[in-house]
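Please read the points below with the sequence and the coordinates open beside them.

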Amino acid sequence: YQRSVHGAPKKRRRTSPVPQFLADDDLVDSVSERRRAKTIAEGALYPSVALTMLKPHTLMNRSGGAVKRVVASREMRLKRSPFQKNGMAEVLVICDDLAIPFGRCRLSPEGSSGGQNGLEDVMKSLGTDRIARLRVGIAPRMPSQALKRSKFVLSRFSAEEEAAMPAVLLSLCEVLRVYLHRGYDAAANAGNSLDLTQPYPAGSAQAKLFHAKMAILAGLSRDSS
């Protein structure tokens, strides 16, 4: 894999059925038994959602046109902020970020592109910076590894990063699951301080389930190769 793969943002929105939320097995419930019991008793804010996933086939810097066409064709009425709970559509952009270390992510409700050209093009095409974004860190952990930006984003991941990648990608899915079923606040609280290489406490039931999922994904990857 190359870093440029992460340059094409994927947008998630609730427009097609996804499975029901399963209680007591996500990042929020791993915080404490009390939180887990509350989920079992009350469920999630959005127990069932609809979702559209978009991976533009354009150059990363021209992602906005694809997003705009999907928003228009599905007649989406976008929220002004992901904090609102009015049932309107929202777009979540997932992109890489050189300002964030590898193994970390940052969920934000709005703001500038921070120099991420794909995100910049999406904001320009939709005419607003009020778009939630999940920025995935790709910055080297060692400053000596830094290269010119244009070269670095096209370079290969290190052997250490390659080994951690399955956990990072699966952890991002866990953050997205919280976002979909519990909303922005819960996802930001869970994801913005998360070590994506080890999202659950070692030895916990959630950690064991997480590693089981990784084993399944590894098996599927071998079968498809």
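Is C105 buried or exposed? C105 is buried, with a relative accessible area of 2%, where buried means under 20% relative accessible area, exposed over 50%, and partly exposed in between (1.4 Å probe, protein chains only).

1. Basis of the note. The model is a predicted one, in which local features need pLDDT of at least 70 and side-chain atom pairs count only at pLDDT 80 or more, while totals for chains, interfaces and linings use all residues. Residues are numbered from 1 along each chain as its sequence is written, and side-chain values use heavy atoms, with hydrogens and water left out.

2. Overall fold. The protein has seven helices and five strands, taken as DSSP runs numbered from the N terminus (helices H or I, at least four residues; strands E, at least two). Their order from the N terminus is β-α-β-α-β-β-α-β-α-α-α-α. Of the 225 residues, 45% count as buried. Among contacts (heavy atoms within 4.5 Å) with a separation of 6 or more, 78% are between residues 24 or more positions apart.

3. Strand β5 and its partners. Seven of the eight residues of β5 (residues 132-139) are buried. Two strands are said to pair if DSSP finds at least two bridges between them. On that basis β5 pairs with β3 (residues 92-101) in the parallel sense over seven bridges, with D97 standing opposite G137. With β4 (residues 105-108) the pairing of β5 is antiparallel and runs over four bridges, and there S108 has R133 as its bridge partner.

4. Cysteines. C95, like C105, is buried, at 2% relative accessibility.

5. Eight salt bridges are counted, each being a side-chain nitrogen of Lys or Arg within 4 Å of a carboxyl oxygen of Asp or Glu. D97 and R135 form one of them, at 3.0 Å from N to O, and this pair links strand β3 to strand β5 across 38 residues. D97 is buried, with a relative accessible area of 6%. R130 and E110 form another, with their closest N and O atoms 4.0 Å apart; R130 lies in the loop between α3 (117-126) and β5, and E110 in the loop between β4 and α3, 20 residues apart. R130 is partly exposed at 41%, and E110 is partly exposed at 42%.

6. A salt bridge within a helix. E174 and R177 meet at 3.7 Å, N to O, and both lie in helix α5, three residues apart, about one turn of the helix. E174 is buried, with a relative accessible area of 5%. Elsewhere, salt bridges that share partners join D26, D29 and R182 into one network.

7. Helix α6. Six of the eight residues of α6 (residues 184-191) are buried, among them Y184, A186 and A187. The buried residues of this helix pack against β4 and α5 (159-182).

8. A backbone point to check. E75, which is not a glycine, has a positive phi of about 50°. Most residues other than glycine have a negative phi. E75 is found in the loop between α2 (64-73) and β3, and E75 is exposed, with a relative accessible area of 68%.
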